[in-house]
Amino acid sequence: MRSYNTLEIKRIEDKWRKAWDEKKTFKVSMDTAKPKYYVLEMFPYPSGKIHMGHVRNYTIADVIARFKMMQGFNVLHPMGYDAFGQPAENAAIKNSTDPGQWTYRCIAQMRDELKMMGFSYDWDRELATCDADYYKWNQWIFLKMMGKGLAYKKASPVNWCSSCQTTLANEEVINGACWRCKTEVVQKDLDQWYLKITHYNDALLEDLNKLKNWPSRVVAMQENWIGKSFGVEIYFKIKKTGGRLPVFTTRPDTIFGATYVVLAPEHPLVAELVKGTPAEKAVNDFVEKTKNISMRDRISGDVKKDGAFTGQYAINPVNGEEIPIWIGDYVLMGYGTGAIMAVPTHDQRDFLFAKEHKLPLRIVIQDPANPDAKAEEMKAAYEGEGGLVNSKQFNGVGNEQAKAKISQWMEQQAMGKITVHWRLRDWLISRQRYWGTPIPIIYCQKCGAVPVPEKDLPVELPKNVKITGEGGSPLLKVAEFVNVKCPKCGEAARRETDTMATFFDSSWYFLRFCSPKNSEKIFDQKEAAYWMPVDQYIGGIEHAILHLLYSRFFTKFLHDQGLVNVSEPFDRLLTQGMVLKDGEVMSKSRGNTVDPDSVISKYGADTLRLFILFAAPPEDQLEWNDSAIDGAWKFLGRVWNLVDMKFKPVDAQPSASTSQDKELDRDRNSAIKKITEDLSGDEGFKFNTAISQLMVLTNRIEKYDVKSPEQQATFNQALKTLVILLAPFAPHVCEEMWEMMGGKESVVKVSWPAFNEAALKLDSVTMVVQINGKIRSKYDVEADAAEQKLRDLVNSDEKLKAYLEGKEIKKFIVVPNKLISIVV
């Protein structure tokens, strides 16, 4: 007898991890004779130690991968590291070390921790985006996009710290100041590189319809981010100059209620409008002030909106009215034309701005519930539907109908044009950092911006660069990197010192996993054609917009180049919930983290895996519970004891002669059916209910009384089935138990069992009789008994006569195999 204890579990887990490594159990190659299944988690930033969020994400994927392997699929399940980025530079500054050394040390630690969890990765496919043989292909993609006109450079505003001489991400601006030195952050225009993702606007939006196996909220988030708006570009006229001021609106039905126009502070007309006027200083001061407000705060509905009057007026083309031109921090140059018409009675943001600055209001949509409302008495904008008023020939028209009618009328009268606008903007990829992919461009005074020839890729990061976080990009100070010859004319030139945003690295890594060691091509096209798309992708909801959008963009571009056969990278998407403790997301700053290492050292990886899947459905938040993890440990101990103490090899066929034989076989087949359904994902993955079914089967096996060799065979059959079904969840201990029961190969190589539909049918059932909602009797009857037979039983039941005699039966309801409900 072998005791189920911490030391034994550590020995077992070490043994099987070593066996999987030595036998390369999870190594996979293309095999067209087998159906493929590609399961992938969003790869991690290598911070060193894994946390419970990692454990949950990767355990979900591992159960799916192992289940599919046992079903006979050729499963690709790789792992890599999203290894470039600002955190490594910050760590390098803090610890006076090289970002590369720091990153690879963290990768080694993370690899060890992932292996401790027993994940079924093909480690021969491991990659890191900071490897030159990976980021070489980032540069190759960039050059291909540039060749197609999809990569270009232009000036754009950035968060700038004058002390550190560097750009800052939005999250590095704390209360308007640099997170590192506390210097006030300003907006500064820099020439930077963009990718023309807007070239794929229509495809990115329309192809959302193909994503039938994505969560609806993620599809909605993508749709909103792409933001296709139908509306009208209205031609207001500037009174002072007679020049045109185009304004885009999706609400042409409210044009007669426009009482002012608002320009974005960055609008190119602002300086022209106020030059030499009394408003010039106040407006310019406001423009400078706005540079210190983050874009997030400018568009937030929770922050007070401010503005300044330009002193100029615009003429509304539909009624000839002169209305004031303001600038406001809540209008962005990046959307529409950078100018809006303000209708404060029917837009809440305009209403608050108008009240703050005492601007006029006019009602143009009548509230059916308050037809006599007066604009000056309004407490909030009316944003509902209604008939038009104060709108000339359109009075009385419903506002939804009026949108089309007014749009067509304005276009006919040359007052504007019907048009489409998109919220999505081209993707800024330039970063003034060291630890990223160098952008493969050389600047020559004679030839301009020259792409690095493909034969010279990769442009590698120089080693041993001093990282201080100050003085701009560290690459600027590395003369041997910056100073080069022009590839075209051979004259002295300089390299681009910006590096790529890390989202670039993660926008195609799933394709590289198809053939990660290929040094001649970005990936082998035959391999990609076999493995793509990813059948199941798993990651956090926080990546529901940008990462997924950029991955879809890259896939469509590579599809257009004839490199991949798919236009969408991910067939199914699961967004797992966060892990909480004490009602809060686990965080070092809150001091509420649970270290996976400490749990593994006490309970083993299998117990942690089982708990993390049993505690909640995968999409929901999961609350950490110390007693529940103890329960998972005890459950595995019960299964272990059944194998260790009660399994006995026997040369006999399973028995089906007694009711307990049939009940055990029924529960065995029921477990196979239910767990197969729960792990298939056709109606969502239900790991917690699958584990519940394993517990039900365990209870039944424990109660089974073995009295003959045939019944021992029945017991053995059920126990083997239990171990096979449990194996995806708790692989280490199941490998050991399978070997203890005589298994000659890894349990993951064993075929997933099929259920017998006939065995699920019940011979007899107990049916409860209710009269007016109260239980009055019960019968043991054959399964699926006919209603007439049940009526005969009721009519002949002496116990029921007192409740039925002399009374009219109004309803006789049968719930098959469960209940007879009588209403008298």
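Is E126 buried or exposed? I looked this up first, and E126 counts as buried, since its relative accessibility is 18%, where buried means under 20% relative accessible area, exposed over 50% and partly exposed in between, with a 1.4 Å probe and protein chains only.

**Ground rules.** I am reading a predicted model, in which local features need pLDDT of at least 70 and side-chain atom pairs count only at pLDDT 80 or more, while totals for chains, interfaces and linings use all residues. I keep to residue numbers that run from 1 along each chain as its sequence is written, and to side-chain values that use heavy atoms, with hydrogens and water left out.

**The chain as a whole.** I noted 26 helices and 32 strands, taken as DSSP runs numbered from the N terminus (helices are H or I with at least four residues, strands are E with at least two). The C-alpha trace spans about 105 × 85 × 50 Å along its principal axes, and of the 824 residues 53% count as buried. For the accessible surface I recorded about 37,200 Å², with 49% of that belonging to carbon and sulfur atoms; the areas come from the Shrake-Rupley method with a 1.4 Å probe, and for residues only the protein chains shown count as cover. Among contacts (heavy atoms within 4.5 Å) with a separation of 6 or more, 72% are accounted for by residues 24 or more positions apart.

**E126 and R111.** I then returned to E126, whose side chain meets that of R111 in a salt bridge at 2.8 Å, N to O. E126 sits in the loop between α4 (99-116) and β4 (127-128) and R111 in helix α4, so the pair ties together parts that are 15 residues apart in sequence. R111 is partly exposed, with a relative accessible area of 24%. I use salt bridge for a side-chain nitrogen of Lys or Arg within 4 Å of a carboxyl oxygen of Asp or Glu, and by this rule the count comes to 48.

**D62 and R66.** In helix α2 (residues 52-70) I looked at D62, which is buried with a relative accessible area of 0%. Its side chain forms a salt bridge with that of R66 at 2.9 Å, N to O, and R66 is buried as well. Because R66 and D62 are 4 residues apart in helix α2, about one helical turn separates them. I also found the backbone nitrogen of S120 at 2.6 Å from a polar atom of the D62 side chain. Leaving aside neighbours within four places in sequence, D62 is in contact with H77, G118, F119, S120 and R609.

**E89.** What is the nearest side chain of opposite charge to E89? I found R433, 5.6 Å away, and E89 is buried yet has no salt bridge; for charge, Lys and Arg count as positive and Asp and Glu as negative, with His and the chain ends not counted. E89 lies in helix α3 (residues 86-95), and a polar atom of its side chain is 2.7 Å from the backbone nitrogen of W435. Beyond its neighbours within four places in sequence, E89 is in contact with R433, Y434, W435 and I467.

**Other salt bridges.** I checked D207, which forms a salt bridge with K210, the closest N and O atoms being 3.6 Å apart; D207 counts as buried at 13% relative accessibility. I also traced a network of salt bridges that links R2, E8, R11, K15, E736 and E739.

**Helix α21.** After α21 comes G681, with a positive phi near 80 degrees.

L722, in helix α23 (residues 709-726), is buried with a relative accessible area of 0%. K188, by contrast, is found in strand β9 (residues 186-195) and counts as partly exposed at 31% relative accessibility. With neighbours within four places in sequence set aside, K188 is in contact with S156, P157, V158 and W160, and I placed K188 and E356, which are 168 residues apart in sequence, at 29 Å apart in space, C-alpha to C-alpha.

How values were computed
A polar contact is a pair of N or O atoms within 3.5 Å; within protein, one must be able to donate a hydrogen and the other to accept it, and residues adjacent in sequence count only if both atoms are side-chain atoms.
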